[in-house]
Amino acid sequence: MEDERTTILEGLTFIVSARNGDVDPAPGEPDGLYFLDTRFLSRWVVTVDGNRLTPLSVDDLQYFEARFFLVPGEPRHYVSSTQSVIRHRSTVAGMDEEVTVLNHTDQPVEATIRLEVASDFLDVNRLGNPPVPREGEFRHAIGDRQLQLEYLRGRFRRATIVRTSTEPAGIDSGGMTFTARLAPHGAWNTRFQVTTDIRASSGAEVTGAGRSLREMKEGMRDELDAWIAAAPRLETGYGPLVTAYRRSLIDLAALANPGITGRGKLPAAGLPYLNIAIGRQCIFTSLQTLPFLPGLAADTLRLLATDQGAKLDDHREEEPGKIIHLLRFNEGAAFEERPYLYYYASADATPLFVVLLDEYERWTGDVGLVRTLEKEARRALDWIDEWGDLVGDGYLWYQRPRWPDEPPNQCWKESEPAICYADGRRPGWPRATCELQGYAYDAKRRGARMARLFWDDPAYAHRLEEQAADLRDRFNRDYWLADRGYYALAREVDGTPVDALTSNIGHLLWSGIVDADRAPALVEHLLGSRLFSGWGVRTLATGEANHNPVGYHIGTVWPYDNSVIAEGMRRYGFAAEASTIAQSILDAAPYFQGRLPEAFTGYDRALTTYPVRYPTANSPQGWSAGAVLSLLRTLLGLAPHPDHLESRALIPPEIGEITLFDVCGRWGSADVFGRARKPDTTGRCSTDPDGSG
């Protein structure tokens, strides 16, 4: 299934275009050039003699660079076309595009090349929403080989500057026109450089300067090569896994966003709608990739700690100790029309922060970071009890966001119908979804470990262990639906269980809160026909009133979700079942050219010869790229801590042998884990008693 769009990106800049390179979106469509959550090009169309360009092929050279091979006119002109066009585009220091027109005849040719340009400077989160009146002023200015489009609102300024290397025949507010004279079998070309110029509402300029474009491209290629070389080397005869692994490493490099501060790299959530840091997604992506790319986790922990909540702020839903949900820099955030300039509306990121800190140390042995972030980890643990327990019953709850247009749920399934009863009814507020309790339990146990081993506070460790044990006992009593054989999705304030069957029960296995004698029933449900589509586990089971195979959180399959479920199954010893999940997701990857999207539809595999694309799924997506690495780790049975009952590799026969070089030997040292393991040629990890790896 070839994607109808091409996306290239670098850091905070990305462009989504049609396969011919044009940006010409229908209302609500995401095509455009974006920087800092703002669309700087809403139209970028090249024509030759009035004819639009038709794609022959697209080469994705790097994640930040692509080349388009095109012919003017309709597809029927392919055979007899006497001209072709090559567009070479990159997103380095804004956008750079070279357009070359080729004459394939033995006669001189004159052609009119037109570039149409427009900028709506729209906030990316407004895409697909009803248009709202804009308070700012749109302007344009024509200069020497230059067109500048501006949007001004007070001291808030956005500008798109288009420069060309060739003298145009004319420039107007809508673009540039060129008269090209092509010699026999000759060529004409020009280079467009697009600069995204910003001044914030404070008047401070946000710009980039430095090396030449060529030097920057070469530097980025070198960085990508180093990134891939630093990851463990995979050897397997299963081609789809090889492709997906490399594609995921490249996408993770592309999405490792330096942010506006440049203090480190956070894995961005996904394109085109979420080229931002989202707390829970940064954390899960870091967890998935820990044994492969541990630097992501280290940066994520430091940056999330820096922005940890310090006060009560209803506007941003900030509370002391709370981990940030998202951060945007667009117009709505600048004028506080939306709370996105540091927004804290999530209930899961805070306990997951503690989980990541402990897991990071288990894989890397970096005790220093655990000690450096002791205060932040303690504040996060305090938040669970002081601010997260809205009802006072020892569970983690969330209230409806104070902003009416925001997604109502503050768990990962944010959309309105996702948290529901089996008959489709919505529970009241506040809500305590089941997986939040698992995350809180896991955070307390891990906090206890860090307190005992690294913070020199055994009394605090003992208190956290007691709280975790009590939470587990109460959870297994209050959330278990004995007549259904699974845990309730959520709990009402009066104790009524919300009884929909969802993929959330897999997260409970992942967190370890499930009583061992109940795990088999959960695994049976997760692989039963109601939840398991054959391409992966659905978010909501068939037969539930809200089930919809093309519903965002109510029937689609999410690779990230499945990676968590598979790891949870391995934790409880269900290796074969975890392998089934892993293979189903990896089987889907080739239909997306190795790039797993945010989600795909939940149609049963018996009905489809391929997984059906979800129409607005982000791709690339950080935790979908991370899912490939997580599933690979699950297949090999790699785990840094003894809680996981199953540690041997169990690889499906269809996949065959897998060898992952250097993953165990590099991070699994005897002084950290009590043993070190390294993969042999069968894909199993063998014990290395001396820890030499």
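A: Gladly! Let's begin with strand 8 (residues 83–90): 7 of its 8 residues are buried, so this strand is largely enclosed by the rest of the structure. Buried means under 20% relative accessible area, exposed over 50%, and partly exposed in between (1.4 Å probe, protein chains only). Strands (E, at least two residues) and helices (H or I, at least four) are DSSP runs, numbered from the N terminus. This is a predicted model: local features need pLDDT of at least 70, side-chain atom pairs count only at pLDDT 80 or more, and totals for chains, interfaces and linings use all residues. Residues are numbered from 1 along each chain as its sequence is written, and side-chain values use heavy atoms, with hydrogens and water left out.

Q: In which sense do strand 8 and strand 9 pair, and over how many bridges?
A: Two strands pair if DSSP finds at least two bridges between them. Here strand 8 and strand 9 (residues 95–103) are antiparallel, with 8 bridges, and Ser84 stands opposite Leu102 in strand 9. Strand 7 (residues 65–72) also pairs with strand 8 in the antiparallel sense, over 6 bridges; there Ala66 has Arg89 as its bridge partner.

Q: How many residues of helix 15 are buried?
A: In general, an α-helix has 3.6 residues a turn, so residues three or four places apart point the same way. In helix 15 (residues 622–636), 15 of the 15 residues are buried. Gly637 follows helix 15 with a positive phi, near 70°.

Q: Is Val493 buried, partly exposed or exposed?
A: Val493 counts as partly exposed because its relative accessibility is 42%.

Terms used: Expected span 1.5 Å × (residues − 1).
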